[in-house]
Amino acid sequence: MRILIVEDERKVARFLEHGLREELFTVDVAQDGEEGLYRAREFPYDLLILDVLLPKLDGLQVLRAYRASQGRARVLMLTARDTVDDRVAGLDAGADDYLVKPFAFAELLARVRALLRRDARDNVVHLEVHDLRLDLRTRKVHRGGQPITLSTREFGVLAYLMRHVGEVVTRTQLAEHVWEEQFDPHSNVIDVTVYHLREKLDRGFDGRLIQTIRGSGYQLAPPDPAAPRRA
Ligand code: CA
């Protein structure tokens, strides 16, 4: 799950960025409307957190332009003002939800989760493959009922592989969906992350869940022929 924060107040942006990373989201920050619109169009975000008062382009201009170019990520608007007109303008421009500053991080997180849940195909709340279970709401992973602690990247890679169970996923796909834009897809970071992820998932269990497909990428599949299921 990749999130773009468009916010010129550095303190607020940093606070959101750190908080969301702790919740294992992949997070980028843009500091003005132009940069925000560029990034939103360029990279596959699941959610934009968009401040209304921004330099260069304001949040409503960014949102209108983004929706006009078929941008489909969920959008949560932030504003210091709380008037009916502001809310209506935001929703008219294509926002999915609205949060008035100042707000508690817990409230933002609840909105973020609700929006991403709404967006998830078939309202999927957790993913299951064989004895592996990943909860998108609590962001917890279990294998055979035992909890597994993952880093942000490991969680992102695993969620992406589980959403594409049985398919070959390329390193480029993982780079685009799990890492920030500064990421160099030619580095060995993806391989290292998958190596650690495998160690954590397979330790003490029979059968590897993630296979390396030579020259292509990775595939997550049940170790036996039992059909994968989504719940
Ligand atoms: Ca602002």
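His126 is buried in this structure, at a relative accessible area of 16%. Keep in mind that we're looking at a predicted model.

**Around His126**
- You'll find His126 in strand 6, which covers residues 126-129.
- Its 16% counts as buried because the cut-off is under 20% relative accessible area.
- The His126 side chain has a polar contact, at 3.1 Å, with the side chain of Arg133.

**The calcium site**
- Three protein residues donate to the calcium ion: Asp8 and Asp51 through OD, and Leu53 through O, at 2.1 to 2.3 Å.
- Along the chain, these donors are spaced as D-x42-D-x1-L.
- Asp8 sits in the loop between strand 1 (2-6) and helix 1 (10-22), while Asp51 belongs to strand 3 (residues 47-51), so the two together tie up parts that are 43 residues apart in sequence.

**The buried face of helix 7**
- Helix 7 spans residues 171-178, and its buried residues are Leu174, Ala175 and Val178.
- Look down the axis of helix 7 and those buried residues fall within an arc of 100°, so they line one face of the helix.
- Among the elements covering the buried residues of helix 7 are strand 1, strand 2 (26-30) and strand 10 (168-170).
- The cover also includes helix 6 (152-163), helix 8 (189-202) and strand 12 (217-220).

Definitions and conventions: Residues numbered from 1 in each chain as written. Predicted model: local features only at pLDDT ≥ 70, side-chain atom pairs only at ≥ 80, totals over all residues. Heavy atoms only, no water. Donors = N, O, S within 2.8 Å, 3.2 Å for Na, K, Ca; no water. Helix = DSSP H or I, 4+ residues; strand = E, 2+ residues; numbered from the N terminus. Buried < 20%, exposed > 50% of the residue type's maximum accessible area, 1.4 Å probe, protein only. Arc of directions from axis to C-beta. Contact = heavy atoms within 4.5 Å. Polar contact = N/O pair within 3.5 Å; in protein donor to acceptor, adjacent residues only side chain to side chain.
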